[in-house]
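Visitor: Hi! Could you walk me through this one? I have it open and would like to ask things as they come up.

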Amino acid sequence: MERLRNHFCKHIRIYRALLMALLPLLCCVVRCLLTEHTIADIYLPASDWNDELFYYKQVEGMIKYGYPYGYFGFNESHAQILSFAAWSPVLFWPWLLWGLIFGWNLLSPVYCNIFLLSLAVFLFVWLTKASGKQCAKIAVLFALFPLFTRYMMSSMPEITCFSMVIVFFGFAYSYYQKENMGKLAAMFALSSVMTLMRPYLIVFMALPMLILIRKKRWVGLIASLGIGGITGVLYICINRFLAAEYFTALFDTSWLTNFIRHGLVRGFQEFVDKFTYSLADFFRNCYQGLTSGLATGAFFIGFLVVMVLVLGYAVYCFGRKDWKEGILYGHLALCFFAMWMALLLMYKMQEGSKHLLTFIAVGIFALAMMEAKPRAGRGRADLSSAASGKPVVRRLAGIGGCLPVIICAAVFAYLYLWKAETAYDYQLCFRSEELAAEIDRAKLEMEAGMPLQTQNVPGYENDVIWVLSDSSEDGEWLVTDYQLLYSLPAGFGISCCDAEYVLSSFDELQSKYICTAAGGQIDRLCQERGLTVVTEGLNAVIYQLR
């Protein structure tokens, strides 16, 4: 028994990390059981998030053919090279590896997401040597943030972003515990890949740059600028050549170009107008999130609360002369602030809100690692040191270390559990026999009526126009049930198009097939032209245009 106890104490770090790695899976299982389902019941076509279709079908085409043989675009736009949509294909790399090893089906991204976040939790706990108390705080906040489980059980790439930023922070925390060039290299590598996935994540690269410049001076400065420059050039090339043009610009930079077009004074006035309007809109959304549970506003509030707590702890650390932890948390607070400014100036509020979730995710792990410690004096404080002194002091320090988690937990419970009533943002998508039967039936008809062309690819011969919405003769707004497109043969591309584009250029459409809402103007036009119906169902019809 004594040997067993000694063995456990010696390897408690790895056992604790392994135990915590079960947390994502456990949360998914529990959340499914609460609705009398299992993870195997998750069914992507039942989801209302239409982005999932694009991600899933692109990966399917990559796994089977190396790249999709049809274009993924918008109003029939397409990438200059290959056939990917507007978002960086780097987002798909974990799913691609998973699919190549285990195969690809409707549950593959779900299992891959659970594995990725489990691996991230394991690495974080192992890297940071998190104590039992810190692990408990991670578990509480993780369980109270249902967006973890919602995104794990989807085919959205947010979990990849969550996982990489969490591991990045784990390496940064570990580096300040014990400096090591390997950890610094890992931070550079992670932040570079993160930037290629989502450009705003380049803010995290500032920390390894700062460390390297401090250690190597001019050599570190040159190396840091070189790594940042190469990453930036790679992103520009990926965005320029491997991404299709979106309906509108992905980023609003008019506030910046106004300085060039209208001069400094006018440009500054328009910048102030833009900023104040966006800030007012931001807090209007926050109020609605607080009162009615609006998901956009709820995400904003959670983001602000975590940012303030991280900033407060950074100030506390600097005040206690804990320079290492102060720099670590100060940098994280600056990352939050930079993302907030980017949201206000460059993103649409509703669409941009989901990008804040990555920062909330890493903030949860950062909050859990906070500890109230005595003044470090002249020396540098050890990140793992605990409060010392009299029992009363230790108890007060323990309460102080838990206070940020208590505040955050209360906010999460209110916003994401009690007020979370919008099914679109929180509800899991489970299989229904009726929907599954429709998808399976349509799959058979598409395989027979839509043969994949393998010559001169990628090309529009393997493209389906997805008309987002249309209107009937009575003016009724009709949304096309895109779920039918999950049945497309692997390798087909999808071009999202608005009805105005299709109606104005119907005779010049390049794609071979079109999926539109049944009973709409475009459906009626296709009937008048005598086009062949490939399949129909779920309030959608697919025609062969030529």
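Visitor: Where does Pro458 sit?
Guide: Pro458 is in the loop between helix 20 (433–449) and strand 2 (463–467). Helices (H or I, at least four residues) and strands (E, at least two) are DSSP runs, numbered from the N terminus.

Visitor: And what kind of peptide bond joins Val457 and Pro458?
Guide: That bond is cis, with omega at about -5°.

Visitor: Before I go on, what am I looking at?
Guide: This is a predicted model, where local features need pLDDT of at least 70 and side-chain atom pairs count only at pLDDT 80 or more, while totals for chains, interfaces and linings use all residues. Residues are numbered from 1 along each chain as its sequence is written, and side-chain values use heavy atoms, with hydrogens and water left out.

Visitor: Thanks. What is the phi of Glu36, and where is the residue?
Guide: Glu36 has a positive phi of about 60° although it is not a glycine. It is found in the loop between helix 3 and helix 4. Its relative accessibility is 74%, so Glu36 counts as exposed; buried means under 20% relative accessible area, exposed over 50%, and partly exposed in between (1.4 Å probe, protein chains only).

Visitor: What about Lys129, buried or exposed?
Guide: Exposed, at 51% relative accessibility. Lys129 also has a positive phi, about 55°, without being a glycine, and its place is in the loop between helix 6 (108–128) and helix 7.

Visitor: Let's switch to pockets. How big is the largest pocket?
Guide: Its volume is about 1,400 Å³. On a 1 Å grid over the protein atoms alone, a pocket is an open set of points where a 1.4 Å probe fits, with protein on both sides within 12 Å along at least five of seven lines; lining residues have an atom within 4 Å of a point. Grid points are joined across faces, edges and corners, and the volume is the space filled by probe spheres set on the points.

Visitor: Which lining residues are closest to its centre?
Guide: Of the 50 residues that line the largest pocket, those are Asp51, Trp87, Tyr246, Glu351 and Lys354.

Visitor: Which element supplies the largest share of that lining?
Guide: Helix 16 does, with four residues. By class, the lining of the largest pocket has 32 nonpolar, 11 polar and seven charged residues. Here Ala, Val, Leu, Ile, Met, Phe, Trp, Tyr, Cys and Pro count as nonpolar, Asp, Glu, Lys and Arg as charged, and the others, Gly among them, as polar.

Visitor: Tell me about Lys354. What does it touch?
Guide: Leaving aside neighbours within four places in sequence, Lys354 is in contact (heavy atoms within 4.5 Å) with Asp51, Tyr151, Met156 and Glu158. Lys354 lies in the loop between helix 16 and helix 17, and at 18% relative accessibility it counts as buried.

Visitor: And the second largest pocket, which residues are closest to its centre?
Guide: That pocket has a volume of about 270 Å³. Of its 17 lining residues, Cys27, Val30, Arg31, Leu34 and Thr149 are the closest to the centre. Helix 3 gives the most to this lining, five residues.

Visitor: Now rings. How many aromatic pairs are there?
Guide: The count comes to 51. Rings of Phe, Tyr and Trp (its six-membered ring) pair if their centres lie within 6.5 Å; planes under 30 degrees apart count as stacked, over 60 as edge-to-face and the rest as tilted.

Visitor: What sort of pair do Tyr55 and Trp87 form?
Guide: A tilted one, 5.7 Å centre to centre with 45° between the planes. Tyr55 is in helix 4 (residues 51–65) and Trp87 in the loop between strand 1 (73–74) and helix 5 (93–102), 32 residues apart. Tyr55 and Trp87 are both buried.

Visitor: Why is the pair of Phe74 and Tyr246 edge-to-face?
Guide: Because the planes are at 75°, with the ring centres 4.8 Å apart. Phe74 lies in strand 1 and Tyr246 in the loop between helix 12 (218–241) and helix 13 (254–292), so the pair ties together parts that are 172 residues apart in sequence. Phe74 is buried at 5% relative accessibility, while Tyr246 is partly exposed at 23%.

Visitor: Last one: which residue lies over the face of Trp49?
Guide: Arg150, at 3.8 Å from the ring centre. A charge sits over a ring if NZ of Lys or CZ of Arg is within 6 Å of the ring centre and within 35 degrees of the ring normal.
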